[in-house]
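Dear colleague,

Please find below the sequence and structure that I am handing over to you. My findings follow directly after them.

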Amino acid sequence: MIIRKATIEDSENITALLLLAMEDIIYKFTGEKDPKTAYYFLLHFVESENNQYSYQNCYVAEEDDQIIGAVAVYDGGQLHSLRKPIVDYVRLNFNADFNPEDETQSGEFYIDSVGVSPNHQGKGIGSKLLQFLIDEYVTQNQRTLGLLVEDANPNAKKLYLKLGFKVKGTRTLVGKNMEHLQIS
């Protein structure tokens with residue numbers, strides 16, 4: 001397995017994988033519980049540049065020329081500029097009052113979403129993607145990585161803690177209670 005920076009050609013695969021992790025959030029953004037709408041909403045941004053879900057901010061795990069995992073990560077200090085295209089799009093097409101909470105801030109690179117192909121879940125792919133980011137951002141570049149984990153996802157939290165993340169507080173994102181974790 002290799003982990004590499006994503007390209008625009010990876011957009012459909014990235015979208016399908018990240019949607020596994022964030023389908024409920026996209027439903028909250030759009031106000032619609034339609035998997036097709038969620039897919040095309042996310043694909044629009046993954047294949048576009050300069051937004052938080054762009055392929056530019058993604059890495060993929062590839063095995064036998066097949067993308068089996070994806071992760072979106074970006075500089076938290078750029079949240080507002082990276083989120084602006086999404087907010088504008090949602091306000092124009094779905095919800096004029098859309099105003100999501102800040103999920104990250106300056107001083108951390110934010111792991112927005114991690115998705116692993118259902119056929120490859122439970123094989124350590126997510127752990128390898130996270131360890132790659134830890135090596136790349138924390139070990140090599142002395143940066144802080146941060147993420148949010150839902151209270152309803154204790155297995156993910158257990159993994160993050162095992163990898164060295166520490167709980168830094170709580171946040172609310174689209175009405176869900178989340179814990180904010182970081183590793184430096």
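I begin with a residue pair in this predicted model: Glu63 has Gln66, in strand E3, as its bridge partner. The two strands concerned, E2 and E3, run antiparallel and are joined by 6 bridges. They make a hairpin with 2 residues between them, and Asp64 in the turn adopts a positive phi of about 50°.

Asp64 itself belongs to the loop between E2 and E3 (66–75). The residue counts as exposed because its relative accessible area is 72%, the cut-off being over 50%. Between Asp64 and Ser117 the C-alpha to C-alpha distance is 14 Å, with 53 residues separating them in sequence. Strand E3, for its part, is mostly covered, with 8 of its 10 residues buried.

On the pairing of the neighbouring strands, I note the following. Strand E1 is joined to E2 (residues 58–63) by 4 bridges, and these two run antiparallel; Arg4 stands opposite Val60 in E2. E3 also pairs with E4 (residues 109–116), in the antiparallel sense and over 7 bridges. In that pairing, Ala72 faces Ser113 of E4.

As to the overall arrangement, an open sheet is formed by 7 strands in the order E1-E2-E3-E4-E5-E7-E6, with mixed pairing. Its edge strands are E1 (2–5) and E6 (166–173), each of which pairs on one side only. From one strand to the next, the twist averages 30°.

Yours sincerely

Technical notes: Residues are numbered from 1 along each chain as its sequence is written. This is a predicted model: local features need pLDDT of at least 70, side-chain atom pairs count only at pLDDT 80 or more; totals for chains, interfaces and linings use all residues. Side-chain values use heavy atoms; hydrogens and water are left out. Two strands pair if DSSP finds at least two bridges between them. Axes are lines fitted to C-alpha atoms, for helices over the stretch in contact, and angles run from 0 to 180 degrees between N-to-C directions. Buried means under 20% relative accessible area, exposed over 50%, partly exposed in between (1.4 Å probe, protein chains only).
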